[in-house]
Amino acid sequence: MHVLVVHDYGPLGKILLEKLRETHLQVSPLLVSDPASADLKALENWIPEDTDLIVNALWLSDPEAAERDPEGTHKAAFSLPLAIAEFARDRGMALFQLSSCYVFDGRKQSGYITSNPGQPVNELGNWQWECEQALRTLLPRHIILRTGWGLSRFIRKVQKSTASQSALSLPGRCRGQPVTVRDLARVMTAVVLQLDCGAEVWGTYQYAGAEEINLYELGLAIAGLPGIPEGIRVVDDVPEWGQLEPLNTTMICTKIRNTFGIKQQPWRSGLVDELGMAKKPEERGVEKAPAD
């Protein structure tokens, strides 16, 4: 099976490519450094004719960034995936698309299952939910994987607070499950390998690290890591960006376990590794595809 990985300069694409290249699969990279400026009419110049599966590893998990750039978010979270889906449909290819827990509004008291409808409360969730619905109509052979919080986003908040020597406000009222980049790449690789075996398991799945936590407690866990200066103050309060966070983004991940045998791994076990990646320049070691 020929797998095309669409990625940016972030660490997910790099790690996913490394994992897939350790398998028997034929793997090609496609670097889209700026999805907002990508020429969607030129897909045939980017995507090899013999591609079987397109893995869109452009992972959007930061609602703050989405609010700052709504036009760019619309392009990256909706227009680009849909253009790829239409291209894939017309050529008999399949698509693996990432989504997130931000498609939910957080009003549910218990964890969300895959069949719960999205009711997003922010720009990121809105376009991801629109993308999900459009993919289900356009392309039967698709995998949609909703992810939990991107752990690195909150590591960066702690680092920024440390640098400015200011208190870090994190809302204890918001609960969910983080996921590390390396764990997400592990899960995506496992799914791709089973698709290569001919498994007809198309549809929507969810994955996040094991253990539900609120954002205030997550901040305390990060602040206690080796390499984080002592004395940082994390307070249970709602910052300005807190309005973008649903109260509950906890997801039930039994479907991906029952279908693919993929078990949730504790996000805490990947904290130190994720912190190490956050300290490195994003571009280091990332291969640029000639098609960009």
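Which residues of helix 10 (residues 271–278) are buried? They are Leu271, Glu274, Leu275 and Met277. Buried means under 20% relative accessible area, with a 1.4 Å probe and protein chains only. Seen down the axis of helix 10, these buried residues fall within an arc of 160°, so they line one face of the helix. That arc is taken from the directions from the helix axis to the C-beta atoms. An α-helix has 3.6 residues a turn, so residues three or four places apart point the same way. The cover over the buried residues of helix 10 includes helix 1 (11–21), helix 6 (151–164), helix 7 and helix 8. Contact here means heavy atoms within 4.5 Å. Helices (H or I, at least four residues) and strands (E, at least two) are DSSP runs, numbered from the N terminus.

The model is predicted: local features need pLDDT of at least 70, side-chain atom pairs count only at pLDDT 80 or more, and totals for chains, interfaces and linings use all residues. Residues are numbered from 1 along each chain as its sequence is written, and side-chain values use heavy atoms, leaving out hydrogens and water.

Two strands pair if DSSP finds at least two bridges between them. Strands 1 and 2 are joined by 6 bridges. Val5 has Pro29 in strand 2 as its bridge partner.

Next, the cores. A nonpolar core is a set of buried Ala, Val, Leu, Ile, Met, Phe, Trp, Tyr and Cys residues joined through side-chain atoms within 4.5 Å. The largest has 35 residues; among those touching the most other members are Val5, Leu145 and Met188. Helix 7 gives the most to this core, with 8 residues. A second, separate core of 31 residues includes Cys101, Tyr102, Cys174 and Leu275.

Thr189 sits in helix 7 (residues 181–196). Thr189 is buried, with a relative accessible area of 8%. A polar atom of its side chain lies 2.8 Å from the backbone oxygen of Ala185. Beyond residues up to four places away in sequence, Thr189 touches Leu16, Lys19 and Leu20.

Asn214 caps its N-terminal end: a side-chain oxygen lies 3.0 Å from the backbone nitrogen of Tyr216.

Definitions and conventions:
Polar contact = N/O pair within 3.5 Å; in protein donor to acceptor, adjacent residues only side chain to side chain. Buried < 20%, exposed > 50% of the residue type's maximum accessible area, 1.4 Å probe, protein only.
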